[in-house]
Amino acid sequence: MSSNIGVMGHPIGHTKSPVFQQAGLDELGIAETFEAWDVAPDELEEKVTTFRATGFLAACVTLPHKQAVIPLVDELTEAAEAVGAVNWIFNRDGKLVGHNTDGTGFLRALKENTGFDPAGVDAVVFGAGGAARAIVYALKLAGIARLTIANRTVGKAQALASEFSEGRFKPDAIGLSRDELANCAPYAQLLVNTTSLGMAGGPAEMATPILADMISADAVGYDAVYAPPMTKFLREVENAGATSAGGMTMLVYQGIEGFEMATGQKAPVDTMFAAIGKVLKSG
Ligand code: NAP
């Protein structure tokens with residue numbers, strides 16, 4: 001029999017979620033096993049149906065199902081609606097609620113890790129894919145002053161910018177050339193990489209969307225990429241004398257918000273970070 005909480009994706013072998021989620025459940029004395037479910041796209045609908053069972057708590061949703069589950073749940077939270085993706089499904093008395101904690105996880109990671117508050121700042125987000133959507137949503141929520149979305153495919157940056165434009169919040173959309181970045185990047189207090197550049201096993205592990213000479217020493221550079229923990233982008237941020245932070249904290253904080261909503265209890269944050277830290281150290 002399946003457990004009442006877990007993460008589903010396809011493939012799922014690489015997931016680190018059970019490590020820190022289980023540590024949290026154990027610390028609070030909750031007798032559940034946080035499982036990892038390999039669910040192929042053609043098994044998705046059937047799997048989601050099982051989440052309505054009495055006693056079922058929640059499922060964390062990862063690639064490639066974050067959009068595909070939307071029509072399978074009964075209700076979306078405002079965050080899931082705005083981001084256009086679901087990374088948690090909660091069972092509320094047989095009713096399935098789809099939520100998204102990637103953006104709020106990012107904001108909490110930024111605050112806890114660097115003490116940085118994005119309210120009123122100028123920021124550049126590199127990338128216009130799924131992670132960028134969650135982060136643009138979060139930065140809008142946090143009240144940033146100006147946002148530039150820089151992406152290889154400018155059309156995608158433009159689409160994202162116009163989708164989130166509202167009132168005085170009107171993101172600019174540009175490409176990744178040095179000329180285009182020169183007008184905004186050196187003046188930004190926050191730079192966020194959400195491209196797959198730098199990602200282990202990705203298109204270009206040794207690449208970065210920006211070099212140190214265009215980064216202000218007063219800036220914070222956050223990389224959504226979490227493997228490897230030190231990317232070329234973060235090295236450029238450090239070479240500029242700026243503050244750097246890697247994506248593992250966003251991953252854990254998205255999970256912590258999901259944990260708290262699933263269990264109705266405050267997560268033992270230190271225990272959960274210690275658990276993931278131990279696994280990452282041991283390789
Ligand atoms: P995605 O939707 O596939 O988007 C990929 C982005 O990378 C697009 O903007 C794409 O640009 C850009 N890109 C890909 N190859 C490139 C290249 N060779 N040169 C320049 N740009 C390139 O992926 P995603 O889901 O947003 O994930 C992006 C990264 O964020 C991954 O490393 C993922 O692991 C990480 N992530 C982290 C968290 C976390 O919790 N820390 C959460 C989600 C994702 P085009 O539009 O031009 O193709």
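This report covers the ligand site, the aromatic pairs and several local backbone features of one predicted model.

**Ligand site**

The shell around the ligand holds 22 residues. Nearest to the ligand come Ala131, Asn151, Arg152, Thr153 and Met199. By class, eleven residues of the shell are nonpolar, nine are polar and two are charged.

| Residue | Protein part | Ligand atom | Distance |
|---|---|---|---|
| Arg152 | side-chain N or O atom | oxygen | 2.9 Å |
| Ala224 | polar backbone atom | nitrogen | 2.9 Å |
| Leu251 | backbone N or O atom | oxygen | 3.4 Å |

On its own, the ligand has 920 Å² of accessible area, and the protein covers 78% of this. Which elements give two or more residues to the shell? They are helix H5 (130–141) and helix H9 (248–263).

**Aromatic pairs**

Across the whole structure, a search finds seven aromatic pairs. One of them joins Trp88 and Phe90.

Trp37 belongs to an aromatic cluster with Phe51 and Phe56. The ring of Trp37 also has a charge over it. That charge is the charged end of Lys47, 4.3 Å from the ring centre.

**Cis peptide bonds**

The bond from Leu63 to Pro64 is cis, with omega near 5°. Pro64 sits in the loop that runs between strand E3 (58–61) and strand E4 (75–76).

The bond from Ala227 to Pro228 is also cis, with omega near 5°. Pro228 is placed in the loop between strand E11 (220–223) and helix H8 (232–239).

**Asp93**

Asp93 is not a glycine, yet its phi is positive, at about 55°. Where does Asp93 lie? Asp93 is in the loop between strand E5 (88–92) and strand E6 (95–99). Is Asp93 buried or exposed? Asp93 counts as exposed because its relative accessibility is 85%, and the cut-off for exposed is over 50%.

Thr15 is found in the loop between strand E1 (5–9) and helix H1 (17–27). The relative accessible area of Thr15 is 17%, so Thr15 is buried. The cut-off for buried is under 20%. A polar atom in the side chain of Thr15 lies 3.1 Å from the backbone nitrogen of Ser17.

Leu181 has its place in helix H7 (residues 178–182). Leu181 has a relative accessible area of 2%, and is therefore buried. How far apart are Leu181 and Ala262 in sequence and in space? They are separated by 81 residues in sequence. From C-alpha to C-alpha, the distance between Leu181 and Ala262 is 41 Å.

Methods:
Residues numbered from 1 in each chain as written. Predicted model: local features only at pLDDT ≥ 70, side-chain atom pairs only at ≥ 80, totals over all residues. Heavy atoms only, no water. Phe/Tyr/Trp six-rings, centres within 6.5 Å; stacked < 30°, edge-to-face > 60°. Lys NZ or Arg CZ within 6 Å of the ring centre and 35° of its normal. Near = heavy atom within 4 Å. Polar contact = N/O pair within 3.5 Å; in protein donor to acceptor, adjacent residues only side chain to side chain. Areas by Shrake-Rupley, 256 points an atom, 1.4 Å probe, with all protein chains shown as cover. Helix = DSSP H or I, 4+ residues; strand = E, 2+ residues; numbered from the N terminus. Nonpolar A, V, L, I, M, F, W, Y, C, P; charged D, E, K, R; others polar. Buried < 20%, exposed > 50% of the residue type's maximum accessible area, 1.4 Å probe, protein only.
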